[in-house]
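Here's a quick walk through one protein model. Have a look at it first, then we'll go through some of its parts together.

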Amino acid sequence: MTINEQLKPALISYWMNKAFRAFYPNLNYHGTKDAPNNWKALQGFKDCLMTDKSLPVFNGACELTIYEKANDNLTFRAWHDAVHLSYGLSFKPVDESKVGMIQCDQLRAIGAPVHVINAVYFDVVGQIEYYSKHGDFVKDQKSFVQDCLALGLDQAINLAYDTATIQA
């Protein structure tokens, strides 16, 4: 299977949406530039898991992702944050990696193809590794995941990407 066959945004979006609704069928969310950006702030929205309160998710940087549409990326972020809240996992790199692994386990549990699971793994865990090494977020997430699938994480992490430096 070629990299282009492995990284089909419509297929990845389909399985991601299916996993999100399988594990968080009643979770409401909305995109905003003012979403929680640290663990303490996110914990303030734990009740979203059990009520109809809407979970705010960051709606920026949705252009160059592995998902078909910007809204799919928002759904992914809601799913990701729901896993943080459900399992009590912080934003520390080790916990972010655990969240990514749980998401992969959830995809596996609903029968997602291996190449979809691998793409999500690199999208989460791979980007955490990239950030840990470079101190920047990957702006072109789709190219990064393509390179991870083609070359492996160890090689892809050393390539130059258009990065978005965190502003302190």
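In helix α5, how far apart are Asp95 and Lys98 in helical turns? About one turn separates them, as they sit 3 residues apart in helix α5.

First, some ground rules. This is a predicted model, in which local features need pLDDT of at least 70 and side-chain atom pairs count only at pLDDT 80 or more, while totals for chains, interfaces and linings use all residues. Residues are numbered from 1 along each chain as its sequence is written, and side-chain values use heavy atoms, with hydrogens and water left out.

**Helix α5 and what covers it**

Let's start with α5, which covers residues 93–109. Helices here are DSSP runs of H or I with at least four residues, strands are runs of E with at least two, and both are numbered from the N terminus. α5 has 17 residues and reaches 24 Å from its first C-alpha to its last, close to the 24 Å expected at 1.5 Å a residue. (That expected span is 1.5 Å times one less than the number of residues.)

Which residues of α5 are buried? They are Asp95, Glu96, Ser97, Val99, Gly100, Ile102, Gln103, Cys104, Gln106 and Leu107. Buried means under 20% relative accessible area, exposed means over 50%, and partly exposed is in between, using a 1.4 Å probe and protein chains only. The cover over these buried residues includes α2 (9–23), α4 and α6 (114–134).

Setting aside neighbours within four places in sequence, Gln103 is in contact (heavy atoms within 4.5 Å) with Phe76, Trp79, His80, Val83 and Val124.

Just past the end of α5, Gly111 has a positive phi of about 90°.

Two packed helices are described by the angle between their axes and the distance between the axes. Axes are lines fitted to C-alpha atoms, for helices over the stretch in contact, and angles run from 0 to 180 degrees between N-to-C directions.

Take α4 (residues 70–87): its axis comes within 10 Å of the axis of α5, and the two cross at roughly 110°. That puts α4 roughly perpendicular to α5. Angles of 65 to 115 degrees get that label, while under 35 is roughly parallel, over 145 is roughly antiparallel and the rest are oblique. On the α4 side, the contact is made by Phe76, Trp79, His80, Val83, His84 and Tyr87, and on the α5 side by Glu96, Val99, Ile102, Gln103, Gln106 and Leu107. These residues divide into 7 nonpolar, 4 polar and 1 charged. Here Ala, Val, Leu, Ile, Met, Phe, Trp, Tyr, Cys and Pro count as nonpolar, Asp, Glu, Lys and Arg as charged, and the others, Gly among them, as polar.

Now for α2: α2 and α5 pack at an angle of about 95°, with their axes 9 Å apart. So α2 is roughly perpendicular to α5. Trp15, Met16, Ala19 and Phe23 of α2 meet Gln106, Leu107 and Ala109 of α5. That contact divides into 6 nonpolar, 1 polar and no charged residues.

**Salt bridges**

Side chains of opposite charge can pair when their charged atoms come close. A salt bridge here is a side-chain nitrogen of Lys or Arg within 4 Å of a carboxyl oxygen of Asp or Glu. The count comes to 4 salt bridges, and the table includes some of them.

| Salt bridge | Distance, N to O |
|---|---|
| Asp47 and Lys53 | 3.6 Å |
| Asp95 and Lys98 | 3.9 Å |
| Asp105 and Arg108 | 2.7 Å |

Back to our opening pair: Asp95 is buried, at 12% relative accessibility, whereas Lys98 is partly exposed at 43%. Asp105 and Arg108 also lie in helix α5, 3 residues apart, about one turn of the helix. Asp105 is partly exposed at 41%, and Arg108 is partly exposed at 48%.

**Two alanines to finish**

Most residues other than glycine have a negative phi. Ala61, though, has a positive phi near 55°. You'll find Ala61 in the loop between β2 (54–58) and α4.

Ala156 lies in helix α8 (residues 153–156) and is buried, at 0% relative accessibility. Beyond its neighbours within four places in sequence, Ala156 is in contact with Phe144, Asp147, Cys148 and Tyr161.
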